Amino acid sequence: MSTTDFHTFDELPGSSDPALSATVRGRILARHLLATLRAESGKSLSDLARVRQVTKAAIHQAENRPLTKISIGSLLDHLQALGYDVDEEWIAQSLVQALPAPAA
Amino acid sequence: MAPTTDHFSNQFKTAAERVVETKPDLWDGVRETLVYLRQFRRQAVAPDVRWGIAQSKFGADCGEVRWPDPEIQARHPTDAWRGLFVARPDDDWYVFTILGNKAGVGNAWHSDAVVKSDEIVAVAVEQLGLQPFPNS
């Protein structure tokens with residue numbers, strides 16, 4: 001191998017469909033949000049499954065459910081359906097904490 | 001702290017180029033997962049990134065990006081792409097080593113790929129002059 005055997009991210013193929021990439025990114029961030037919220041609540045998949053008396057896979061499947069047309073209200077409904085005792089203020093604070101720092 | 005640098009192996013890049021030629025939509029998914037990991041690093045907790053590959057000597061600092069995601073996996077029964085990487089504990093560098101499809105192979109894919117991945121990291125550290133991995 002030589003140093004030319006290693007490349008930067010910019011040398012990888014670009015996106016073939018920017019609209020699809022944007023959709024994909026939204027799905028990833030929705031999953032990131034749910035995983036972050038659960039982690040910040042200190043609960044594992046197993047913890048939630050035990051509390052709700054369902055399988056761990058069922059919790060995992062619920063977290064992977066597509067989130068469309070997100071509003072605070074629908075997000076609150078979704079999280080409460082998952083078994084979280086949360087309110088709008090907590091969601092707002094957690095959202096801010098989960099977001100990356102704004103670009104300078 | 002200096003910005004994190006990312007290095008992609010020739011294998012990773014070549015595999016990406018093959019994917020984009022045959023299944024560009026899948027590559028877009030893999031690519032966005034890489035973008036996500038590069039943005040959030042150790043805070044990338046979505047299931048699209050898995051931290052901690054037991055077979056690797058780098059353990060918790062070895063991970064993989066995963067695509068297709070659970071929402072579309074059923075539409076892609078012959079695709080289960082994994083992109084292995086290793087991050088220095090202080091995030092000084094990430095080396096992305098192996099990109100491959102484990103569909104139909106199962107966990108056996110990792111047995112082979114992780115060994116090669118660990119070897120590529122050692123080569124990258126030496127040839128790119130990266131900060132050594134602690135205790136290596």
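**Pairing of chains A and B in a predicted model**

Strand β1 of chain A, residues 6-7, pairs with β1(B) in the antiparallel sense, and two bridges join the strands. Within β1(B), Phe8(B) is the bridge partner of His7(A). These features belong to a predicted model, which scores an ipTM of 0.94 and a pTM of 0.79. For chain B the average pLDDT is 93, and 98% of the residues score at least 70. Such scores deserve attention, since where pLDDT is low, the predicted coordinates should not be read in detail.

The contact between the chains draws on 27 residues from chain A and 33 residues from chain B. On the side of chain B that touches chain A, the elements that give two or more residues are β1 (5-9), α1 (10-22), α2 (24-40) and α3 (108-128) of chain B. Of these, α2(B) provides the largest share of that side, namely 13 residues. When the side of chain B that touches chain A is sorted by class, 15 residues are nonpolar, eleven are charged and seven are polar.

The buried residues of α3(B) are His110(B), Ala113(B), Val114(B), Ser117(B), Ile120(B), Val121(B) and Ala124(B). In chain B, the buried residues of this helix pack against β1, β4 (81-87) and β5 (93-101), and they also pack against β1 of chain A. Just after α3(B) comes Gly129(B), which takes a positive phi of about 65 degrees.

In chain A, a further position of interest is Val86(A), which is placed in the loop between α4 (72-81) and α5 (88-98) of that chain. Val86(A) has 15 other C-beta atoms within 10 Å, and because a residue counts as buried at 20 or more such atoms and as exposed at 12 or fewer, Val86(A) is classed as partly exposed. When residues up to four places away in sequence are not counted, Val86(A) touches Leu79(A) and Ile91(A). Leu76(A) lies ten residues from Val86(A) in sequence, and the C-alpha atoms of these two residues are 7.5 Å apart in space.

Definitions and conventions
Residues numbered from 1 in each chain as written. Chains lettered and ligands numbered in written order. Predicted model: local features only at pLDDT ≥ 70, side-chain atom pairs only at ≥ 80, totals over all residues. Contact = placed C-beta atoms within 7 Å. Helix = DSSP H or I, 4+ residues; strand = E, 2+ residues; numbered from the N terminus. Nonpolar A, V, L, I, M, F, W, Y, C, P; charged D, E, K, R; others polar. Pairing = 2+ DSSP bridges. pLDDT = per-residue confidence, 0-100.
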